[in-house]
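Subject: Structure handover, with notes on its pockets

Dear colleague,

I am passing on the structure we spoke of, together with some notes on its pockets. Please keep the structure open while you read, since the notes refer to residues and helices by number.

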Amino acid sequence: MIQGIDYAAIAPVLIVAVTAVALLLADSFDVPRRLLGLGCAGALLAGLVAVIALAFGRQRATFCLPSGLRGDGPPSCSYVADDFALLFQVIVLGAAVIVVLLSFDEITASKLPAGEYYFLLLCSLVGALTLVAARDLVLLIVALETLTLPVFALVALRRYDGAASEAALKLFLISVISAAVMLFGISLVYGVTGAMHLDRVAVALARTPADLKPVAAVGVVMVIAGFAFKVAAVPFHFWAPDVYQGSPLPVAALLSVVSKAGGFAGLVITVAIGFPSYGYVWGPLIAVMAAVTMTVGNFVALRQRHAVRLLAWSSVAQSGYMLAPLAVGSRRLPDAVAATAAYVALYAVMNIGAFAVVAAVARRHARNLLTDYRGLARANPATAAALAFFLICLAGLPPGVMGLFAKIVVFRATVAGDVVWLAVVMAINTVIGLYYYLAWAVRLFAAPETEGPALRTGWAVGLAIGAAAAGAVVLSVAPQIVVQTVSAIT
């Protein structure tokens, strides 16, 4: 059997993949690192244009089987460039552009090999772009590992930094375990259903004989556990704080936003398309996981004194909010998917902006403690205002309306799905989160212990902060744009 390939459907992935190889070859000819970075950013923008062009055309799919299992059904496709996939590809590519801008100064300061860095970064993005469009279990696991494997090397590229090596080893070990768990779960699901395409898996699971249902349930749980490792959900979160702190800051931002967006897209695709009939199994599991994740993340964040570790634990807590709508199981699943997707989109803007400011401050204060931010408003008023706005958005307070709107969306979806107890836990955790976000924001405008020179961000980091701030302002003025768009898509 020969399958046709729709190259237009996979154009964003192809652009990024071809550029990755081209940049690696260009580096062997001693092309200046600044040109390599501009080429990387240009490729991401070209990929973004390709995604937008696909959004205005018809839905495309490729790598399709010609018909159903018995030749009497619709085709099953491995890669589908539908509106859901295109939305997440926009999130991934937009955040990646800011990561590349943050990388300009980091590569110079840490003496990283530019060609290898951009090659690994783009390879990871190829995995993320493929993951959000994958519609069979094989492509899902391959894309997920393609997203994850290059990050090991990115974390460890600071070769003489013990903290980076330790972080890379921890990430490697945890990722290997999660991949093994997920693969075993997929093997159980395949053994029960005899199918790999998610639409066929859903049909087969709905007809599973009673004696095989426990096997299928274990497989479903193990697949979800594999995704829980990737999104740093408790109790699979132990790697996140140390890895974030030990990584170069642009890589930490990549893990916090791009990797998390890809992981949540894969989780949503799997449960909504492949496992809807087992909502009674994964719904309560995700509910408990969401409650514990947001609670642990927020309480541990209260004790942090390091900016990156605080953002890491905050990211763990935010994963709990993103998981909450999916706790409804099969009930009102489209609304739950829309709520999670909208929260991921809004979170991406807030968190990537916070990491951009942290990267700017790290140029002066290598330790990057929260005390280093005291009086930032005097050293650089624009940067301090931007960070305060991002923190207020993450806290969910006006004028950061986008953060408040995001929490209302997931709260409403959770209540509508009759998981009221989880909504109460979410409300309590939102109040807890206010403390450490506002405590950090207040430090920015307090009198500094010692007067210092003005903080210069550099053109690339300044552009990254400005782009994230502009996006946050627009979405705070009209956050319903994202929610209405996602609701229409899902």
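Predicted model: local features only at pLDDT ≥ 70, side-chain atom pairs only at ≥ 80, totals over all residues.

The largest pocket has a volume of about 710 Å³. Its lining is made up of 28 residues, and those closest to the pocket centre are Leu87, Val90, Ile91, Val349 and Leu475. Two or more lining residues come from each of α2 (33–55), α3 (83–110), α13 (333–362), α18 (459–477) and α19 (480–489), and among these α3 provides the largest share, with ten residues. By residue class, the lining of the largest pocket consists of 24 nonpolar residues, three polar ones and one charged one.

The second largest pocket, for which the volume comes to about 410 Å³, has 21 lining residues, and Glu106, Arg158, Leu249, Ala359 and Ala362 are the ones that lie nearest its centre. Here the elements that contribute two or more residues are α3, α9 (239–246), α10 (249–274) and α13, with α3 again giving the most, namely five residues. The lining of this second largest pocket divides into eleven nonpolar, five polar and five charged residues.

With best wishes

Note on methods: Residues numbered from 1 in each chain as written. Heavy atoms only, no water. 1 Å grid on protein atoms, 1.4 Å probe; cavity = no way out; pocket = protein on both sides within 12 Å on 5 of 7 lines; lining within 4 Å. Points joined across faces, edges and corners; volume = space filled by probe spheres on them. Helix = DSSP H or I, 4+ residues; strand = E, 2+ residues; numbered from the N terminus. Nonpolar A, V, L, I, M, F, W, Y, C, P; charged D, E, K, R; others polar.
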